[in-house]
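Please examine the sequence and the structure shown here.

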Amino acid sequence: MRASILASITVVWLALALPPSTLAIGEATAFEFRGLALRGLGAEPRPTARKRISWAIRTRTSVETNLDPGRVSLTDRALFDQPFLYLAGEGGFPPPSEAEIEALSRFLRFGGFLLVDATRPDDAAFDASVRAMLARALPSERIAPIDPGHVLYRSFYLVDRPVGRVEGPPHLEGIDLRGRLAVVLSRHDLGGAWARDNLGTYEHSVTPGGERQREMAHRLGVNVVAYVLCLDYKDDQVHAPFIMRRRGGGR
Amino acid sequence: MASEVFAGMVFDGPGGAWAAALWLVLVIALVSREVKVLRGERSPRRKALLALRVLTVIALFLLATQPAFVVERVRRIEGKTAVLVDTSRSMELAVGGSTRAKEAAALAARLAREGAEVRSFGDRLRPFDPTEPNTRRPSASTRLIAALEALEGESSIGSVVLLSDGLETERARLDRPFRFPVHAVAIGGEEPRVDVSILRLRADPMVYLRERSTVEVTLGCAGACDEPVEVRLAIDGMVVDAAVARFEGGGSARVKLEFEARKLGRHVGQVSLIPPEGDVVPENDRRSFLFRVERDRLRVLLVAGSPAWDVRFLRELLERNPALDMVSFFILRTVDDLTMADTNEMALIPFPTDELFREHLGSFDLVIFQNFDYGPYRMEIYLPRIRDYVMRGGAFAMIGGEKSLSAGGYAGTPVASILPVELPAGKAVDPREFRPVPAVPRHPLVSLGEPAREVPRRWAETAPLAGWNQLGALREGARALLVHPFDRVGGQARPILAVGEAGEGRVLVLATDSSFRWGITTAGARGDLSHYERFWDAAIRYLSRDPSLEPSRLSTDRERVALGAEVVVRGEFADDDYEPRAGEAVALRVVTEAGQVVSEAEVLLSAHGELQERVQAPDAPGVYFVVVAPQGGGEPLASAPFLVEGEGDELARVRPDAALLSQIAEESGGRFFASPDDVPELDALREVEERVVGEDRRSPFREPWFAALALVLFTAELLVRRRLGRT
């Protein structure tokens, strides 16, 4: 079933001319792969990852990205300027304050998105801290596995299963708010697969799938951004011909 | 001279009939006892004693019960004869060299001279002077049966002479006979040579925008009906469909006509036929109807040049709106993007420019270009189509960004010609943050339901926008609703949000790609997302001409009214900046479909620019418009149609209905006359009835002589019995 849906929407892109690549009106409107800094969590485990995936998104898609993405805390006044947060870490972290939890709750409910990326599938301490934080921020929501047929896996590339630096579990998890994924949790170390040093050399080897797996990790990163900027647009495409056909001529 | 008729017997004694019955039982018991006692007596004596006992107890019975005989005095009375003259519009039809109305009036005048009381009827009973029959406008309906029922309440009327063509418009048949005989006279016995009419018309009172709707028309034909007849449907005065009706196997035919509703609000439809030569009744060749056009779902096409937060939040808002049907296309990659994958590994489809902008463009109510540049997709050939789509009534919004407006290369294109602002040459963008300032605080796109004095503060509380596209000067008739706080063009604050009209359509330009900051970013600081949602909700409704967002609105309390009825008119009036026209003098007119003024009055609007007045519907049926215009002249501010009913069924049929008249006569015990010439003198039609004029009660047993007789009998029996040794 999934295969047939994917086949039906996989069509060659036929743009006919070269558009100029320019900056947005304001740098603030370009997509920023913004990191979330949490008290007690320590430094980012893959500090070059966000810049590298931002470059990949810019070169592979029409999304304009900020190539020097910053980090914000939950109490930062700029938190709501960019509705995307990336949280990567190792080990547990102390519970955020009530003010931080309130800010995270509002951020997610007002339309923001949080991508959580554990560096090891078996990092129970990080996983428990994240889950405890989300349970406080969204007490009435639950974390659930994301269905393999979810539009997240076909928002730009066709992705069969989630992979990062490591293979990890066969699914991502997430929190759905009114039909929109507001949180996605990965235990595949996506950042580890994206990270490169200043000379362009990948910082970590990818196992067990090697460079193909690294490519698929990039594709999943692109898909996450395409999803948060387009939501279920790809599902809409399936219905668009039907909607147009049933409309008749008009003006 | 009255005659007497025995009417019954009553008992005036104490206890009435019940006591009389008891007395009777006592009488029978006394006589029976006497029969037993006298058994064994010699026959002559027995008979004498028994006779004496019977006479005595009967006399005492009559004395005690006092029976009385009731006698009625009856007189034969001649009832009044009322003549009912049909004065409906169908009676104006020609008969030979005269009309049905004249034929009826002549007969009524003769009967009046012979002593009849004459009245007229159409929609109701009225006095009628047959010597001056044309003092009142013919009635637009024929309520013949109701008129006869109204006469039943008058006891003095003994018979009715009905002069009519029988074309009852209210009821299909007679439910019960009448109290008096009705002598029915068919007027207009000769049917017209040829007349084609619209008998019935069925149209939905409410239809959906852009949906096709059907009008069913039933035609009737009297006389020679060999030729086909063309029937046309016009909406708001423009013919939109036609069909040919053929009268095969009878005097009626049906056709279906279709139309597509293209504008919201109340509209006028008219079905008309092209009459055959010699058609005698032009009035029944057309019928009008009112219908209301509503929207089932607003159809929106959203095209975005690249995924971005502004795109994502707008699409999410539109997608959540249950009143919208949206098709969206986002440019996810261009040919210079290096996807690092085969095409079969990507979930992308080609941008269907031809399908969207050639085949389906007209099916959308609103097209939104959000930071979309046409150049890379070779869409130059479609830009004139977008302009024409708007000129024909479509709505278009262009939202800013690095690929939009001047930066998108639209300056000098057909699309630029419909925008409310000039587009400067070059890229013309500025990346600095700013907060726009409301320029027209009462406009619904800016006020967002807030009082005008609150509007500047509300906008000052929103998060700053991340840069702007530089727009040129406003075009004539356009409005800048939000402006830049310090950037200026041509001496005026530079427009950020501008709206305008292009042909029949509406256009909006928003010169930023960060309006999403009125949502999540503002909400992060203030906890309220609604500013963004209310802005876009108002913008979509304004662009699609939601009547509730128009500066001036006018309505009537009813869409259909009777001839001459009162219509309550309400309205709110503001100028193009939505400032109320407080205290302004306006002209309130009632005009025909052709624009002819039927009535006009000067009215002062209230301090809030409101109006509530009563106007009288015209006496002639048809569609009319209430129009409010500036007193000194100029374009109307608003108008609303209403339908004066009356032409309805009155002239739908023209052939006299002798069958109904005959049935009325037969079932009421009257006579039917197929022609006025057959009607005899009034005396032959008068009805005589016996009426009780008094009552007498005769009580012979109350007289003294009867009391004396009873006493004598009693005494005689007593003496005889004592003499014979009996007690």
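Helix H3 of chain B (residues 100-113) has 14 residues and reaches 20 Å from its first C-alpha to its last, close to the 20 Å expected at 1.5 Å a residue. The expected span is 1.5 Å times one less than the number of residues. This is a predicted model, in which local features need pLDDT of at least 70 and side-chain atom pairs count only at pLDDT 80 or more. Residues are numbered from 1 along each chain as its sequence is written, and chains are lettered from A in the order in which they are written.

**Helix H3 of chain B**
- The buried residues (under 20% relative accessible area, 1.4 Å probe, protein chains only) of H3(B) include B:Arg100, B:Leu107 and B:Leu111.
- These buried residues of H3(B) pack against several strands of chain B, among them S3 (80-86) and S8 (157-164).
- After H3(B) comes B:Gly115, which has a positive phi, near 110 degrees.

**Two helices of chain A**
- Helices H3 (residues 98-109) and H4 (residues 124-137) of chain A pack at an angle of about 75 degrees, with their axes 8 Å apart.
- H3(A) and H4(A) are therefore roughly perpendicular (65 to 115 degrees) to each other.
- Their contact (heavy atoms within 4.5 Å) involves A:Ile101 and A:Leu104 of H3(A), among others, and includes A:Met133 and A:Leu134 of H4(A).

Key: Heavy atoms only, no water. Axes fitted to C-alpha atoms, helices over the stretch in contact; angles between N-to-C directions. Helix = DSSP H or I, 4+ residues; strand = E, 2+ residues; numbered from the N terminus. Parallel < 35°, antiparallel > 145°, perpendicular 65-115°, else oblique. Buried < 20%, exposed > 50% of the residue type's maximum accessible area, 1.4 Å probe, protein only.
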